Amino acid sequence: MNDFNALRDIPILIGAFFVLTSAIGIVRFPDLYSRLHASSKLVTLGSAGIFLGAALSFQDSAAFTRLLAVLIFQFLTTPLTAYLIAQAAYLRGLPPHLPGGIDEWGALGRAEEIAQADREAVRAMQTEEQG
């Protein structure tokens with residue numbers, strides 16, 4: 001019995017390859033930042049292939065539309081979430097593994113200082129609006 005459908009199976013296999021590559025990257029990379037990069041980018045691409053293959057295998061247009069909506073939602077949220085996690089880790093002081101690298105932001109571990117400056121800016125804007 002040969003149930004191979006190239007239109008369905010090839011995107012699923014490509015997606016599975018990206019998910020496997022992501023898992024290897026999570027285990028092999030040295031720090032949170034590069035692990036986040038591997039997990040967010042490659043899992044997003046892998047799930048795109050898997051969702052596309054699954055959507056093409058369904059004959060129902062409603063199922064295709066739902067899978068497409070899930071894929072679009074994942075493409076919009078996963079990279080943003082990874083960025084926010086990395087920014088929070090950076091501001092809390094988790095140093096990246098950069099042998100000989102340069103900290104271009106210069107804000108490593110300055111979360112409280114930045115939060116205090118934000119609170120002061122909000123207070124200043126509120127007093128301007130009131131008076």
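The questions and answers below concern a predicted model.

Q: Which helix supplies the largest share of the nonpolar surface patch?
A: The patch covers about 630 Å² and is made by Leu7, Leu52, Leu56, Phe64, Leu68, Ile72 and Leu76. Two helices, α2 (32–57) and α3 (61–92), each supply at least two of its residues. The largest share, 4 residues, comes from α3.

Q: How many residues does α3 give to the largest nonpolar core?
A: This core is made up of Tyr33, Leu36, Ala82, Ala86, Ala89, Tyr90, Leu91, Ala107 and Ala111, 9 residues in all. Both α2 and α3 give two or more residues to the core. The most comes from α3, and its number is 5 residues.

Q: Which helices are included in what covers the buried residues of α3?
A: The buried residues of α3 are Ala63, Leu67, Leu71, Gln74, Thr78, Ala82, Ala86, Ala89, Tyr90 and Leu91. Their cover includes two helices, α2 and α4 (111–130).

Q: How far apart are the end C-alpha atoms of α3?
A: The helix has 32 residues, and at 1.5 Å a residue it should span 46 Å. The distance in the model agrees with that expectation, because the end C-alpha atoms are 46 Å apart.

Q: Which helices hold Glu112 and Arg92?
A: Side chains of opposite charge can pair when their charged atoms come close. The side chains of Glu112 and Arg92 form a salt bridge at 3.8 Å, N to O. This pair ties together parts 20 residues apart in sequence, because Glu112 lies in helix α4 and Arg92 in helix α3.

Q: Are Arg8 and Asp9 buried or exposed?
A: The structure holds 4 salt bridges, and one joins the side chains of Arg8 and Asp9 at 2.7 Å, N to O. These two residues are also linked with Asp3 in a network of salt bridges. Glu112 and Arg92 are exposed, whereas Arg8 and Asp9 are both buried.

Terms used. Residues are numbered from 1 along each chain as its sequence is written. This is a predicted model: local features need pLDDT of at least 70, side-chain atom pairs count only at pLDDT 80 or more; totals for chains, interfaces and linings use all residues. Side-chain values use heavy atoms; hydrogens and water are left out. Patches are made of residues with over 30% relative accessible area and no salt bridge: like charges are joined within 9 Å, nonpolar side chains (Val, Leu, Ile, Met, Phe, Trp, Tyr) within 5 Å. Accessible areas come from the Shrake-Rupley method with a 1.4 Å probe; for residues, only the protein chains shown count as cover. A nonpolar core is a set of buried Ala, Val, Leu, Ile, Met, Phe, Trp, Tyr and Cys residues joined through side-chain atoms within 4.5 Å. Buried means under 20% relative accessible area, exposed over 50%, partly exposed in between (1.4 Å probe, protein chains only). The expected span of a helix is 1.5 Å times one less than its number of residues. Contact means heavy atoms within 4.5 Å.
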